[in-house]
Amino acid sequence: MAKTLIAFFSRADENYFGGAMRYVKTGNTEIVVNGMKEMLPADTFKIEMKEPYSPVYMTCIDQAKKDLKNNVRPELTAYPDSLDEYDTVILAYPNYWGTMPMAVFTFLERYDFTGKKILPLCTNEGSGMGHSESDIRKAAPGAEVKKGLAITGSRAANAGGAVKKWLADNNLI
Ligand SMILES: Cc1cc2nc3c(=O)[nH]c(=O)nc-3n(C[C@H](O)[C@H](O)[C@H](O)COP(=O)(O)O)c2cc1C
């Protein structure tokens, strides 16, 4: 049977919400994913860095910028043994400097996505998907990368309607 995996990266702690910094327990992308889990049958996998970025927003900004500049592939805390059982992967991540966090590249490059569909979902504060969709195409050659869904991170809790429509457009619900 066709199975779906929701793989996501999300960072809690200090973030920037429409003009103010705030500490949160659950990151924006994870809030969207938690809502999505109620909408369709899917397994989930959280992409986590062995050495996570700082809880302090401005430090995290610098660390992520440096990792992008150096094109690093941070080690993850865990890796699924295989993605063979999934025909669709919903890949959810925040926009970091116009693309995905480098840990998402680590995840994508580890597996063979040939013949699988990837549905990108990107939370952001104004840059939309950035160039993440073309970066996914390069990192996962052979995958069919569908049109992504951009969600404003600070409005993650209200994204349900847009997510539902996107899943329906892709015949997942
Ligand atoms: C390191 C870093 C870089 C970011 N770069 C961008 C950016 O280039 N464009 C943008 O619109 N938002 C950017 N943001 C805002 C995040 O994409 C947004 O807050 C997102 O919803 C965070 O998701 P999370 O809480 O699940 O980690 C950045 C945030 C961080 C921490």
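The legends below accompany several close-up views of a predicted protein model.

In this predicted model, local features require pLDDT of at least 70 and side-chain atom pairs count only at pLDDT 80 or more, whereas totals for chains, interfaces and linings use all residues. Residues are numbered from 1 along each chain as its sequence is written.

**Figure 1. Overall fold of the protein.** The protein has five helices and eight strands, where helices (H or I, at least four residues) and strands (E, at least two) are DSSP runs numbered from the N terminus. Read from the N terminus, the order of elements is β-β-β-α-β-α-β-α-β-α-β-β-α. For 173 residues, a compact globule would have a radius of gyration near 16 Å, and the 15 Å of the protein agrees with this; the radius is taken over C-alpha atoms, and the globule rule is 2.2 Å times the number of residues to the power 0.38. Along the principal axes, the C-alpha atoms fill a box of roughly 45 × 35 × 25 Å. Among contacts between residues at least 6 apart in sequence, 78% join residues at least 24 apart; two residues are in contact if their C-beta atoms, placed from the backbone, lie within 7 Å.

**Figure 2. The largest nonpolar core.** Of the 173 residues, 35% count as buried. A residue is buried if 20 or more other C-beta atoms lie within 10 Å of its own, exposed if 12 or fewer, and partly exposed in between, with C-beta atoms placed from the backbone. The largest nonpolar core has 41 residues, and those with the most contacts inside it are V32, L91, A92, V104 and I118. Such a core is a set of buried Ala, Val, Leu, Ile, Met, Phe, Trp, Tyr and Cys residues joined through C-beta atoms within 7 Å. At least two residues of this core come from each of β1 (4–8), α1 (28–37), β5 (88–94), α3 (102–110), β6 (117–124), α4 (132–139), β8 (149–152) and α5 (160–169). In soluble globular proteins, nonpolar side chains tend to be buried together. Beyond four places in sequence, V32 touches A92, L121, T123, I151, A156, A159 and V163.

Figure 3. With six residues, α3 gives the most to the largest nonpolar core. Buried in this helix are M102, A103, V104, F105, F107 and L108. The elements covering the buried residues of α3 include β1, α2 (57–69), β5 and α4.

**Figure 4. The shell around the ligand.** Of the 21 residues around the ligand, G27, T29, P94, S127 and G153 come nearest; a residue is near a molecule if its C-beta atom, placed from the backbone, lies within 6 Å of it. At least two residues of the shell are supplied by each of α1, α2 and β6. The shell comprises six nonpolar, 12 polar and three charged residues. In this classification Ala, Val, Leu, Ile, Met, Phe, Trp, Tyr, Cys and Pro count as nonpolar, Asp, Glu, Lys and Arg as charged, and the others, Gly among them, as polar.

Figure 5. S132, I136 and A139 are the buried residues of α4. They cover an arc of only 70 degrees around the axis, which puts them on the same side of α4; the arc is that of the directions from the helix axis to the C-beta atoms. The buried residues of α4 pack against β5, α3, β6 and β7 (144–145). Turned away from this buried side is a face that carries the exposed residues S134 and K138.

**Figure 6. Helix α5 and V163.** The buried residues of α5 are V163, W166 and L167. Their arc around the axis is only 100 degrees, which puts them on the same side of α5. An α-helix has 3.6 residues a turn, so residues three or four places apart point the same way. The buried residues of α5 pack against α1 and β8, while G161, K165 and A168 are exposed on the other side of the helix. V163 counts as buried with 22 C-beta neighbours inside 10 Å. Leaving aside residues up to four places away in sequence, V163 touches V32, G35, M36, M39 and L149. V163 and M39 are 124 residues apart in sequence, yet 9.1 Å apart in space, C-alpha to C-alpha.

Figure 7. D13 has a positive phi of about 70 degrees although it is not a glycine. D13 is found in strand β2 (residues 13–17) and is partly exposed, with 16 other C-beta atoms within 10 Å. N171, in the segment after α5, has a positive phi near 60 degrees and is likewise a residue other than glycine. N171 counts as exposed, with 8 C-beta neighbours inside 10 Å.
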